[in-house]
Each structure stands twice: as C-alpha cells, then as structure tokens.
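Hi,

Here is the structure I promised to pass on.

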Amino acid sequence: MNDIPPYPLYNRTYNLFRLSPLHHGDAPLLADRALRTHAKRLKEQLKGDNVRGVQVDFASAEDTARLGPLEECTWELLGDEDAWIDRHIQLQDPDSSQLAPPAEVRGIEVSLEYEKQSYNALLLRDSANTTAPSGFSSLPLLLVKMPGPIREVFLQYLRTAFDAHVAPLRLSSAFITGSMETYFKHLSASTSTQSIQDVVRQLSVQLAFPNTTTLLKHIDITVAAADVPGFVARGKHAPQSPFTTALSSYVAKHLALDIHHPKTQVARISCNSFHLGVERLKLAAPDTLADTSYSDRSGASQDASASQLAVEEFLTSLVREAAGSGKFLPDDLTSSLRDGTPSSTSSSRATRRKRAVSNAAATNGTKKRSKAKSRSVDDDMDDDADVL
C-alpha cells in the first residue's frame with residue numbers, strides 16, 4: 001500500500017461551487033464511455049486544439065505555459081475511501097482483470113496532469129438522494145483545485161456540455177460554525193476514543209465585517225489546544241453549539257462584540273482537522289482506529305473513529321447545503337434564505353470497514369497518480385490561512 005495515493009478529498013485546498021443538475025440526455029453520465037468522451041473533449045479545449053474548424057484556445061495560455069504540456073485528462077468515478085484503496089491495490093496487481101466500478105459512487109473526479117503540476121476537481125452528490133429528472137444527473141457540490149485560467153475553461157465546459165449553471169457556494173456563518181460543532185459532537189461522544197485536544201488542536205476563528213467599515217477588516221481569535229475542550233464544556237448547556245455559545249460569551253465579555261450580529265460574519269475557522277472559509281475548504285485526513293478498537297464506555301468495538309464520522313457527516317451536510325441552495329437565485333436573496341435556514345444533517349454512515357487511510361494522506365501534498373514522476377501539488381496546511 002506504499003504507492004497508494006491519498007484520497008483526493010484530503011489535504012488539498014478547494015474552491016467551492018454549486019451545480020444545477022447536469023443534462024446528458026439518454027446516455028448515462030456515469031458510464032465509462034461517457035466519462036472518456038468528456039475527458040477527451042475537455043483536454044482538447046485545454047490544449048487549444050481546433051474543434052470543428054473553431055479555435056478553442058484561451059487568452060490566458062501564456063499564464064499556463066509554465067505548467068508544461070497537458071499530458072493527461074481523466075474523468076473517473078469516485079467512491080468512498082475503501083473503494084479508492086481497493087481500486088489502487090487492483091491497479092498494482094499485474095494479474096488483475098478489468099477494474100470494477102465502486103459499489104457506491106460518491107461522484108466524479110476530474111484530473112489534469114500537466115508536465116510540472118497536477119490539478120483536479122470533484123463533482124459530488126448525496127449518496128442518500130441521487131434522484132434527478134430523466135436525462136439529468138445531480139452532482140450539486142463542485143470542488144475545484146485549479147489556477148484561474150484553467151478553472152474558467154473547466155467551468156465553461158460544464159456550462160456548455162451539460163447546459164448547467166455554475167455558481168460559487170458561499171457558506172453562511174451558521175454553516176461554518178455548525179461544521180465545527182459536528183467535530184466536537186463526535187469527539188465528545190461517550191464512544192469516542194479520540195480527544196478534542198489531540199484531533200482539533202489549536203483553533204482559529206476569523207470574524208469579518210463585510211460592507212460595514214473599511215477601518216477594520218477582520219478579527220482573528222486563536223484558542224490554544226489545551227483551552228478548546230474547556231470552551232466546549234462551558235457551553236454544554238447549549239448542546240447543539242457548545243463551543244460557539246462559549247466563544248460568543250467570551251467575545252461579548254472581553255471585546256463587547258456580538259458575533260451573532262447580522263453585520264458580523266464568521267469568515268473562517270481553521271484547526272488541525274480542517275480549514276473552512278466562506279468559499280474554500282481544506283480537509284485533513286482523519287485518523288483511523290487501530291486494528292483493535294474498544295471503548296471502555298461503550299463496551300463494543302467500533303468501525304470508524306470519531307474524526308472519520310465527523311468528516312462523513314460534514315461532507316454530507318456540505319453536499320446538501322449545495323443542493324439546498326441550488327435554486328440559483330440572486331446572491332442577496334440566496335444569502336438571506338440560506339442564513340435563515342442553515343443546512344445541517346445528523347445522518348452519517350454508521351458502519352465502515354476499518355481500513356488504513358491511503359498512504360501520504362497525513363502529509364500536506366499529493367502525488368501524481370500517473371506514470372510520470374512524482375510532483376507536489378499542494379501547499380502546507382499553515383499556508384492556507386492566508387488564502388481561505
């Protein structure tokens with residue numbers, strides 16, 4: 001398993017978008033033939049090939065020249081992490097037969113392999129709700145890790161190839177803080193074998209004041225790792241949001257600031273487990289359970305660690321947030337609707353096989369999966385604080 005690349009959701013900074021249902025007609029989008037066709041067409045556009053006599057090169061080609069030629073463009077089905085590991089084990093087996101698709105399709109991964117760099121995008125869906133009108137596929141959450149010029153070509157391809165609407169997904173303060181509370185809920189559970197201090201570690205909250213004043217852009221609040229559990233404990237009288245409640249009281253007392261005021265926005269939360277901003281996300285690979293996991297309190301073995309369960313619930317909530325705000329109303333109206341009805345879900349996958357996280361998932365870089373030499377494509381976790 002030493003050569004298994006990290007699961008693509010982890011340790012990469014993604015821009016968040018939402019997608020309307022993708023129109024593909026009678027030909028199923030998730031079929032292998034359709035994926036190969038779209039990979040070929042996107043590659044032609046990115047390379048600036050001549051299609052039907054029309055030059056489709058883009059104006060910012062000079063900006064991407066430093067990447068070298070585009071060597072490969074692939075569209076592949078993405079399953080859960082177990083399916084990812086199984087697939088790459090099978091790829092390394094010279095005696096393996098044709099690769100089988102994942103039993104449960106989470107979405108599509110689009111990979112771009114340049115000579116000097118690698119980029120990708122993920123089109124994700126809610127596995128519990130895959131219904132869509134006939135001739136359409138619903139993949140409402142789009143995560144993109146690409147530089148601006150390449151990203152614009154890719155988004156335009158989605159618009160034209162699938163008659164789709166693509167819009168940035170701007171997360172509300174309620175969703176950002178709720179995602180943090182999801183981690184605390186699982187890590188504080190009686191069955192958890194992991195602690196908040198060890199998993200979350202130091203936590204930073206950025207408060208912003210958009211359209212309010214030019215004198216103060218934001219306030220950064222940092223809570224030391226040893227103090228985070230204390231905040232959760234002090235706010236336990238509000239079981240749905242203990243940390244946020246305690247932090248709100250602390251800020252009100254020491255800064256005379258109401259973090260729930262309509263003109264105050266929680267713009268970013270960063271910790272060891274994730275970096276979540278209004279339009280960007282970076283997830284760290286969750287720690288798995290040991291081969292033999294036993295909780296003294298629960299008296300039973302577990303199938304997934306508390307941090308794994310938190311990641312699963314967070315991803316489900318994020319996909320549903322994208323789908324729930326997918327009516328593509330004007331930004332001001334969409335924001336008011338979303339702020340008034342923040343999406344959340346308590347459902348998560350209850351059973352998961354105890355599998356090791358693909359190697360290198362704990363590092364802050366990813367390797368190319370093709371035959372080309374390894375190249376790092378990600379920044380360090382600490383650097384993301386400046387870009388989220």
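Predicted model: local features only at pLDDT ≥ 70, side-chain atom pairs only at ≥ 80, totals over all residues.

Residues are numbered from 1 along each chain as its sequence is written, and side-chain values use heavy atoms, with hydrogens and water left out.

Helix α8 (residues 242-255) has 14 residues and spans 20 Å from first C-alpha to last, close to the 20 Å expected at 1.5 Å a residue (1.5 Å times one less than the number of residues). Its buried residues (under 20% relative accessible area, 1.4 Å probe, protein chains only) include Leu247, Ser248 and Val251. The buried residues of α8 pack against α5, β11 (203-208), β12 (218-223) and α7 (228-234). Just after α8, alanine 256 has a positive phi of about 55°.

Helix α5 (residues 173-187) packs on α8 at about 120°, with the axes 8 Å apart. Thr177, Met180, Glu181 and Phe184 of α5 meet Pro242, Phe243 and Thr244 of α8 (contact is heavy atoms within 4.5 Å).

As for the cysteines, there are 0 disulfides (cysteine sulfur atoms within 2.5 Å). Cysteine 73 counts as buried at 10% relative accessibility, and cysteine 271 is buried too, at 6%.

Cheers

Methods: Axes fitted to C-alpha atoms, helices over the stretch in contact; angles between N-to-C directions. Helix = DSSP H or I, 4+ residues; strand = E, 2+ residues; numbered from the N terminus. Buried < 20%, exposed > 50% of the residue type's maximum accessible area, 1.4 Å probe, protein only.
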